[in-house]
Amino acid sequence: MVGTSVHHNLLLPQQHPTKPLEFTSTEQQCISLLNNCKNIQQLKQTHCLILKHGLHSRSFCTGNLLSTCALSTWGSMDYASLIFQHIDTPDSFEFNTMIRGYIMDMNLHEAVTLYNRMVEVGIRPNKFTYPSILKGCACLHRLEEGMQFHGHVVKNGVEKDVFVQNSLINMYGKCGNITESCSVFEQMDCFDRSLASWSAIIAAHASKGMWSECISLFQQLTSQSCWRAEESVLVSVLSSCTNLGALDLGRSTHAFLIRNLSGMNVIVETCLLDMYLKCGSLVKGLTVFEQMKVKNQWSYSVVISGLAFHGYGAEALRVFSEMCEKGIEPDEVVYVGVLTTCSQTGQVEKGLEFFKKMTVDHKIEPTIQHYGCLVDLMGKAGKVKEAFDLIKNMPMEANDALWYSLLDACRIHQDIALGEKVAEKLLNMSSQTPSPYVILSNMYAKAGKWENVASARREMGQKGLTKAPGFSLIQVKRKVYKFVSNDVMWAHCKELSDMIYQMEWQLKFEGYSPDTSQVLLDVDEDEKRERLSRHSQKLALAFGLINTAHGSSVRIVRNMRMCKDCHTYTKYISSIFERRIIVRDRNRFHHFEDGNCSCKDYW
């Protein structure tokens, strides 16, 4: 609220003394009071004092009054605007202060309006003007306006200022234009790049999911001994390690954190926890969790989901109970983890109980993510028709993720009739995606309906759609290797071929028989067995056995759900070679050891 008594007494031409400012005791008192203001009422009282003593003509007092009102967390842009309106000849400082205040208030429209007025009255925008307004474009993802301001930056000759350049990198990155973000970064002189420059370009790549590039940039940064990466950079790097499944790089980043930071906040610690859990190092992740001095809802959510993805559903629900006992109120994100736990372990009734507890006891309105967990829970358990009814009766429109979850359940349980309905729904939502055709084709192939398979694939071809190949990643000596099923690149690698032959020879003696039903092609049995032997997971596993020490764990990340044959194959290999094999597929982790898997064959 604006105090009218102050409003009516705002007079005041501003004077700009050319000699150094000399403060009277009254001026010093007013400035001190401004610095100590804790709320808008105190500021208004100080404003009255400034007016009472006729200090409104002193630019230093007016500037401090305006910046305190506009930039304090408790400030008021409405009141700041009244102060600004009564400045006869505002200079660039006052304009920049107001622009910055509007951006902090997420009011880009008013900031741009004021910028245009600044130009109209003949005040040239400077290097302090653009970082704020570019930040506003970045936060609101206004790429077009951001590009226009980039043109103004060049026109006004401040394109070489490091703060402006950093703001441009950040703006383009947050608006999704990684090309321009990189262009600005590369045009900077190597010696001018600040830590903020590196942070902005790494964050830009992280926002686009370009994880390998994030790691490469981080390595370039750390090679320059003059810089020590800040927490925001390390969070992006940890996210990169998490998404690449690059545990060794994640460990190195953890070591870097310990060496260079005196202490870690809950955000960094939770990112570390997430990295270890998603890279398959459950024990290390739980150690990080136990050592955290401060744990919040996000921390508990990460550990609950992590335990569930590793197949430890009982432990995940125990942690949830511990969280509630400590008085930490679960939020909607925590409940996504809890419901996911029930889905991963096949606890349908328990999942429905938790859903009821969430809505009744904790008064949390279910989101589409919660309904997605229920659909997955029912679908995996074979209750595909119940899952279909749930989607139809939801209070909101189902998104494609829910329909895909149901379609995958139809594939697992071979419900072709319902699968066709769901696939049709998905194709109506987006006709330019190959996934419904691929899943339907696989269902038809498993049922031996080869004419339907041909029809689905023909329709895919007519639309120019192609299936993304399945691949597996494995990290050896800090380098990530990629294997694609029936990979021709590795076909001539004798060492790899010899290892696969040795593995298959030993598997025969253990009683393994290839599950050729997993090859969904109309070919003879010999070709099916040959194709099975060249699945990407098996190639990566052979490579890992060759290139890692005996007794060490082998870690693999794959982009698709593991097939039954690869699952059985890997269980045998873990026993034969006495190795712990950790595979992260699209849905969860599988810990293979002594011929068993942590998923208990439910995935």
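# A walk around the model

Start by selecting Glu578, which sits in the loop between H31 and strand S4 (581-584). Those labels come from DSSP runs, numbered from the N terminus: helices are H or I runs of at least four residues, and strands are E runs of at least two. Glu578 is not a glycine, yet its phi is positive, near 50°. With 57% relative accessibility, Glu578 counts as exposed. Here "exposed" means over 50% relative accessible area, "buried" means under 20%, and "partly exposed" is in between, using a 1.4 Å probe and protein chains only.

Before moving on, a word on what you have open: this is a predicted model, where local features need pLDDT of at least 70 and side-chain atom pairs count only at pLDDT 80 or more, while totals for chains, interfaces and linings use all residues. Residues are numbered from 1 along each chain as its sequence is written, and side-chain values use heavy atoms, leaving out hydrogens and water.

**Zoom out**

Now show the whole protein chain. Its C-alpha trace spans about 95 × 55 × 55 Å along the principal axes. Colour by secondary structure and you get 31 helices and six strands. Of the 603 residues in the chain, 49% are buried.

**Another positive phi**

Next, pick His141, in the loop between helix H8 (130-139) and helix H9 (143-155). His141 has a positive phi of about 55°, although it is not a glycine. Its relative accessible area is 53%, so His141 is exposed.

Time for the aromatics. How many aromatic pairs does a search of the whole structure find? It finds 15. Select Trp505 and Phe509 for one example: the ring centres are 5.0 Å apart and the planes are at 70°, so this pair is edge-to-face. To count as a pair, rings of Phe, Tyr and Trp (its six-membered ring) need centres within 6.5 Å; planes under 30 degrees apart are stacked, over 60 edge-to-face, and the rest tilted.

Both Trp505 and Phe509 belong to helix H28 (residues 494-510), and they are four residues apart, about one turn of the helix. Trp505 is partly exposed at 48% relative accessible area, while Phe509 is exposed at 62%.

For a cluster, select Tyr115, Tyr130 and Phe149, which are joined by ring pairs.

**Lysines over rings**

Show the side chains of Lys295 and Phe289. Lys295 lies over the face of Phe289, 4.2 Å from the ring centre. A charge sits over a ring when NZ of Lys or CZ of Arg is within 6 Å of the ring centre and within 35 degrees of the ring normal. Then jump to Lys482, which lies over the face of Phe471 at 4.3 Å from the ring centre.

**Two packed helices**

Select helix H16 (residues 266-278) and helix H17 (residues 282-291). At what angle do H16 and H17 pack? The angle is about 160°, and the axes are 7 Å apart. That makes H16 roughly antiparallel to H17. Axes are lines fitted to C-alpha atoms, for helices over the stretch in contact, and angles run from 0 to 180 degrees between N-to-C directions. Under 35 degrees is roughly parallel, over 145 roughly antiparallel, 65 to 115 roughly perpendicular, and the rest oblique.

**Cysteines without partners**

Select the cysteines next. The structure holds zero disulfides (a disulfide is a pair of cysteine sulfur atoms within 2.5 Å). Cys137 is in no disulfide, and the nearest cysteine sulfur, in Cys175, is 7.0 Å away. Cys137 is buried, at 0% relative accessibility. Cys324 is partly exposed, at 28% relative accessibility.

Pick Ser239 in helix H14 (residues 231-244). Ser239 is partly exposed at 26%, and its C-alpha atom is 39 Å from that of Ile416, 177 residues apart along the chain. Last stop: Ser32, in helix H2 (residues 25-35). Ser32 is partly exposed too, at 35% relative accessibility. Draw a line to Leu402, 370 residues apart along the chain, and the C-alpha atoms are separated by 59 Å.
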